[in-house]
Amino acid sequence: MKKALGLKSPGSKKSPGSAPSSGQGKSKRPTTVGELMRIQMRVPESVDARVRRALLRIGGGLVGRRIESVVLPLELLQQLKQSDFSDQQEYALDRPIETGKNNESMQVLRSAVMSLASRSDGSLSDSCHWADVEMDLLYAADGQLAEVAKDAKTTRDPEYSKILSSTLSSILGWAEKRLLAYHDTFDSGNVYTMQGIVSLGVSAAKILVEDVSTEYRRKRKEVDVARNRIDTYIRSSLRTAFAQADSSRRASKNQPNPLPVLAILAKDVGELAVHEKQVFSPILKGWHPLAAGITELTPDAVQVLRAADKLEKDLVQIAVEDAVDSDDGGKAIIREMPPYEAETAIANLVKGWIKTRLDRLKEWVWNPQANQEGFALSAVETLRIIDETLDAFFQLPIPAHPALLPDVIVGLDKCLQYYVIKAKSGCASRNTYIPTMPALTRCEIGSKFQGLCVRINTLHHIRSEMDVLEKRIVTHLRNCESAHLEDFSSGLSKRFELTPAACVEGVQQLSEAVAYKIVFHDLSHVLWDGLYVGEPSSSRINPLLQELEQNLLVISETVHDRDSQIIEDDFKALKDLFWANGDGLPADLIDKFSATVRDVLPLFRTNTESLIERFKRMTLEAYGSSARSRLPLPPTSGQWNPNEPNTLLRVLCYR
């Protein structure tokens, strides 16, 4: 470093092969970075030599002090003497000043300078503000290593690889000297530098392993370099810190009234764990998922907890066996060993894992984009995530799959129910499309129903997949080592309760909406506004049938309407459309939905006088003696039948 900056020792000899001194009048060729800087900045050689001598004296006086505690202008002021200047005027404009360490003026100046230069973050460190560029330097070096990594992947020059390997090994060695015992290296005053040092070390290690190592290139092994290095740093540092704590425990034995060794051990381990979690884990968890302790479910976490559970049970068993002959049969010692309850901790982690998965599932909301099968792509993705969730759940190395399975199923069931509700929401119901009954006349609305069909198909698809999922759950349980016979006997815990019912209800609602939308909304111009308007013979049902048939190519639901023989013929044509020569709806289903119209149609053949008499009789029966003087206008009930006053009145009015 001294050579690079031009700080050569006064007695250093010329290197072999160096050029002889140039002739008089020729400038000396710059050979160092420092010399180049001096020339570029036009600093005279005399000034440069003066500053170099002062820097050497400052360096010699740094014994026991850290470089980041130095304020260079203050040190130069004290190191530069009047004898260093050829011109007294150059040393001090008016008069020489006393710069000795014991000078009162210099002590006041030093005190003021250091109070301004020191950090004001409340730390006990004597580092100065200028040292805060240390992190920038670390990150800049790390950024350069990122560029080096790109070059290393494409360069196969053996000399380049040799130099690179040597350089990176030096960087890694420098970083690991601080990281293999980071409890000793870092404290509250300098822990802010740890992240930069870790990043630099990990970057160097990754390039060495992934881009320089011939063995890695040959075998192409999957190695998580970052995680492995951090794991090594954690284990090494904790082992070192624990060994130091062990030395303290041994020393405490010689003190009067020492605590029991196990109590000291527990206290030390607890303090060490808290310090690790609060100070170092927030930094290291960026590279190692378990550095911050077990807060999420992973196979490693479960193995740790199961091992801890076994250790706890073994220790309790040993304690009980050793104390079995004591006065209380070992009860006192057991009371001093509160259980950690690892199984409860595992269950809580699993519940957290389930919640995370379910929250992710809720993000998949209804999207009308359909696939070739005619149901929503978002439903396919939702069912795929459910499938993966079940697979992942049964792959967890936990001892209680059957006990926690109901939590999984209930959560998935609620998510699917939520999806179904979203799929049918905003699509209205049949009442949306039923027109308001006119004052014994007619009605209107307008849009496509393809989206409704996709939703119906989607709900059918989800409903059919429920059986598949339930069968898969049973298969998983059969392969689960922790499952018992009773887990299969209670089938309710493995069934989806909410989703199938929601699908059936949704299909019914959407089917009704489609049917009523087509008849009263999309086809209103040929039905409500056109059928039998004026003379029935000139406005028959054929235009309606033609358009209805086009719609029924996409969806086949029911609708009915009917006047005399013409109306009966049209109704038969309508039923034939749904029958479709045996290729359409079943005859019994057509008859079921034709019942109301079939009962009302004879009214259109009945003579007017008979209808009037029936209307009077039905009205008097409904309203009693109050209707004798004047027949009231019966309300529209919507329950059409040949004995309902409003039905009779409407048939009469259409005459």
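## Helix packing and local features

Helices H17 and H19 are roughly antiparallel to each other, because angles over 145 degrees count as roughly antiparallel, whereas those under 35 count as roughly parallel, those from 65 to 115 as roughly perpendicular and the rest as oblique. Helices here are DSSP runs (H or I, at least four residues), numbered from the N terminus. This is a predicted model, in which local features need pLDDT of at least 70 and side-chain atom pairs count only at pLDDT 80 or more, while totals for chains, interfaces and linings use all residues. Residues are numbered from 1 along each chain as its sequence is written, and side-chain values use heavy atoms, with hydrogens and water left out.

| Helix pair | Angle | Axes |
|---|---|---|
| H17 (residues 401-424) and H19 (residues 450-478) | about 175° | 11 Å apart |
| H3 (residues 72-79) and H5 (residues 104-117) | about 165° | 11 Å apart |
| H25 (residues 608-623) and H26 (residues 645-653) | roughly 155° | within 9 Å |

In the pair H17 and H19, the residues of H17 that meet H19 (contact meaning heavy atoms within 4.5 Å) include Leu 405, Ile 409, Leu 416 and Lys 424, and their partners in H19 include Arg 455, Ile 462, Met 466 and Leu 477. By class, this contact has twelve nonpolar, one polar and three charged residues, where Ala, Val, Leu, Ile, Met, Phe, Trp, Tyr, Cys and Pro count as nonpolar, Asp, Glu, Lys and Arg as charged, and the others, Gly among them, as polar.

The contact of H25 with H26 has nine nonpolar, two polar and one charged residues.

H3 is likewise roughly antiparallel to H5, and the crossing of H3 and H5 is left-handed. Leu 74, Glu 75, Leu 77 and Gln 78 in H3 meet Met 106, Leu 109, Arg 110 and Val 113 in H5, a contact made up of five nonpolar, one polar and two charged residues. Beyond its neighbours within four places in sequence, Arg 110 is in contact with Leu 74, Glu 75 and Gln 78.

Two loop residues other than glycine have a positive phi. For Tyr 532, in the loop between helix H21 (498-522) and helix H22 (542-552), phi is about 60°, and at 11% relative accessibility this tyrosine counts as buried. For Ala 580, in the loop between helix H23 (564-579) and helix H24 (587-600), phi is near 50°, and its relative accessible area of 30% makes this alanine partly exposed.

A search of the whole structure finds zero disulfides, a disulfide being a pair of cysteine sulfur atoms within 2.5 Å. Cys 415 counts as buried at 7% relative accessibility, and Cys 503 counts as buried at 1%.

Technical notes
Buried < 20%, exposed > 50% of the residue type's maximum accessible area, 1.4 Å probe, protein only. Axes fitted to C-alpha atoms, helices over the stretch in contact; angles between N-to-C directions. Left-handed = near helix turned anticlockwise from the far one by under 90°.
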